[in-house]
Amino acid sequence: GFQAWCSDLDDHFLKKQSSIFQHLPTDSVLCLSEFFRYVQWHNNAFEVTQNLHIPAHLVRYEEYGNNYSDTVSSLLQFLELTQISNAPEFRPSDYSEYYSENQRRAIHKYMKKQASRETWNELKRNKYIA
């Protein structure tokens with residue numbers, strides 16, 4: 001299942017990229033390559049938008065579950081787009097069925113260490129990560 005897929009993915013990724021993780025706490029981080037990409041994407045997004053002074057609109061996952069309509073409206077307004085149809089229902093998940101509590105703690109520790117200050121200030125607010 002999911003855990004086996006992540007293990008295979010990590011084996012392949014770590015063979016090619018092991019030097020990247022020398023100073024990061026990676027023990028028990030399942031799907032390390034996916035969390036690496038997730039955090040790095042956020043690090044790069046914050047850096048690029050700040051350095052190039054690009055307007056950005058931050059949308060948090062939990063906002064879709066808490067107030068879907070306002071979240072979508074705000075995003076469409078930022079993008080200067082009109083909603084043309086209703087989107088499918090949003091079903092939030094905390095993904096607890098995929099990771100043990102120990103794995104979640106390890107992922108949290110890893111992400112905190114890899115994340116830039118700006119990225120961590122956003123990620124730590126997410127109840128699914130913290």
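1. **The disulfide.** Cys6 and Cys31 are joined by a disulfide, S to S 1.6 Å. This is a predicted model. A search of the whole structure turns up one disulfide. The link of Cys6 and Cys31 is left-handed, with -65° about the S-S bond. Cys6 sits in helix H1 and Cys31 in the loop between H1 and H2, so the pair ties together parts that are 25 residues apart in sequence. A disulfide is a covalent bond between the sulfur atoms of two cysteines.

2. **Burial of the two cysteines.** Are Cys6 and Cys31 buried or exposed? Cys6 is buried, at a relative accessible area of 0%. Cys31 is buried too, at 2%. Buried here means under 20% relative accessible area, so both cysteines qualify.

3. **The nonpolar core.** The largest nonpolar core holds 18 residues. Within this core, the members that touch the most others are Val29, Phe35, Tyr99, Ile107, Tyr110 and Met111. In soluble globular proteins, nonpolar side chains tend to be buried together.

4. **The aromatic cluster.** The count of aromatic pairs comes to nine. One aromatic cluster is formed by Phe2, Trp5, Phe35, Tyr61, Tyr64, Tyr68, Phe90, Tyr95, Tyr98 and Tyr99. Phe35 and Tyr99 belong to this cluster, and both are also among the core members with the most contacts to other members.

5. **Tyr61 and Tyr95.** A pair of aromatic rings is described by the distance of the centres and the angle of the planes. For Tyr61 and Tyr95 the centres are 6.2 Å apart and the planes make 45°, a tilted pair. What does this pair tie together? Tyr61 lies in helix H3 (residues 61-66) and Tyr95 in the loop between helix H4 (68-79) and H5, so the contact ties parts that are 34 residues apart in sequence. Tyr61 is partly exposed, with a relative accessible area of 24%. Tyr95 is also partly exposed, at 37%.

6. **Salt bridges: the count and the network.** How many salt bridges does a search of the whole structure find? The search finds four. Arg60, Glu63 and Glu122 are linked in a network of salt bridges. Side chains of opposite charge can pair when their charged atoms come close.

7. **Glu122 and Arg60.** In this salt bridge the closest N and O atoms are 2.8 Å apart. Glu122 is in helix H6 and Arg60 in the loop between H2 and H3, so the pair ties together parts that are 62 residues apart in sequence. Both Glu122 and Arg60 are buried.

8. **Glu34 and Arg37.** This salt bridge has its closest N and O atoms 3.2 Å apart. Both residues lie in helix H2, three residues apart, or about one turn of the helix. Glu34 is partly exposed, with a relative accessible area of 32%. Arg37 is partly exposed as well, at 41%.

9. **Glu118 and Arg117.** Here the closest N and O atoms of the salt bridge are 3.6 Å apart. Glu118 is partly exposed, with a relative accessible area of 27%. Arg117 counts as exposed, at 63% relative accessibility.

Conventions: Residues numbered from 1 in each chain as written. Predicted model: local features only at pLDDT ≥ 70, side-chain atom pairs only at ≥ 80, totals over all residues. Heavy atoms only, no water. Core = buried A, V, L, I, M, F, W, Y, C linked by side-chain atoms within 4.5 Å. Buried < 20%, exposed > 50% of the residue type's maximum accessible area, 1.4 Å probe, protein only. Phe/Tyr/Trp six-rings, centres within 6.5 Å; stacked < 30°, edge-to-face > 60°. Helix = DSSP H or I, 4+ residues; strand = E, 2+ residues; numbered from the N terminus. Disulfide = S-S within 2.5 Å. Salt bridge = Lys/Arg side-chain N within 4 Å of Asp/Glu carboxyl O.
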